[in-house]
Amino acid sequence: MEPEVTYAELKFPPTAPPPRKGQVAVVRTAVTTTGKTPVSSPASTKLVRALAILSFILLVLVITLLILSIKWSSQLQGKTAEVMQYSANATFLSEEVRYFSKQWDTSQQNLTQLLAKYATMTWLYQNLSISYQNLSISFQSTNDTLRDVLEQQRQANELLTQMLTWLQDRNWFQCSREEMSGLTAIRCKFCQQEWTLQNMHCYYFSQDARDWWYSQGWCRRHQSQLVTVNSEEEQMFINSRSKDSYDKLWIGYSDNQKEGQWVWDDGSSSHQRFWKWGQPDNYYSENCATTEQTESPTKSWNDDQCMKSYRYICEKDADHVLFSSTGVYS
């Protein structure tokens, strides 16, 4: 038996606008049945299938989106970690840049200081070089001068040697070498002309004959005294200057102040005595002593009258002079 078909009347609400194309219309059906099972229409089945397909597609899309979101979330976390690592690296690099920037600034300052020191050293080197050149010139000049001075000193020493030889050949000079400030010098004792040098003393043997008083005055006027005999050697020297046994010479010995108390004219305390045998005898007030030639020079003195005229002997210390290459000093 064929089933009964119930036809339904579709009614749209009077206020509802007509359905647009592509929209699904909600259909209200008023079905009147007679107790038999209704049969779905082909349009309703298609609609259900379309809804099912659409739901499946939506579910697939949701799952796909969920998978993609999980994947993207994982990738995002990885990228975030990379970004954080890059950020940390950037921070580290920034610190490194700051450190090297400070090092660069320090290096620049050190370089500036080194350049300044280099400039100073260059200036000092130039000045030292100039000073060295000047010193070299001065040294050469000093060396030349020293060579000239040494040559002059050598010539001066030769001249002094010649002078020493010449002076020693004269009886009024007695010379000897000595060192003075590292230089060789010649010190000479000398007497004036007509005086004789002996043992650093000058002796004057007069040619004219005078009394003892005049002889004493003449010696004193010439910064000397009548001779004082201090040794046997000196007695032999003055005795050798007597011409003969008749040639008597006054010496500076007398007892004019007190008889028998013989004293020297210069006030010395010489105790040498060279009297002849039996002298002094004070014969006719003989108060002044003479020396004369005898066989024994140590027995040559005689007392005589001071008013008689005899030759006389004056004595004084020798003058001295120093000859050196730098000058002559008295």
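Me: Taking a salt bridge as a side-chain nitrogen of Lys or Arg within 4 Å of a carboxyl oxygen of Asp or Glu, how many does the structure hold?

Reply: Ten salt bridges. This is a predicted model, where local features need pLDDT of at least 70, side-chain atom pairs count only at pLDDT 80 or more, and totals for chains, interfaces and linings use all residues. Residues are numbered from 1 along each chain as its sequence is written, and side-chain values use heavy atoms, without hydrogens or water.

Me: Which residue meets Arg-147 in a salt bridge?

Reply: Asp-144, at 2.4 Å from N to O. Arg-147 and Asp-144 are three residues apart in helix 1, so about one helical turn separates them. Helices here are DSSP runs of H or I with at least four residues, strands are E runs of at least two, and both are numbered from the N terminus.

Me: And what does Arg-220 pair with?

Reply: Asp-265, with the closest N and O atoms 2.7 Å apart. Arg-220 lies in helix 2 and Asp-265 in the loop between strand 9 and strand 10, so the pair ties together parts 45 residues apart in sequence.

Me: Are Lys-248 and Asp-304 buried or exposed?

Reply: Both are buried, meaning under 20% relative accessible area (1.4 Å probe, protein chains only; exposed is over 50%, partly exposed in between). Their closest N and O atoms are 3.9 Å apart. A salt-bridge network links Lys-248 and Asp-304 with Lys-276, Glu-292 and Lys-308.

Me: New topic: where is Leu-58?

Reply: In helix 1, residues 42–168. Leu-58 is partly exposed, at 45% relative accessibility.
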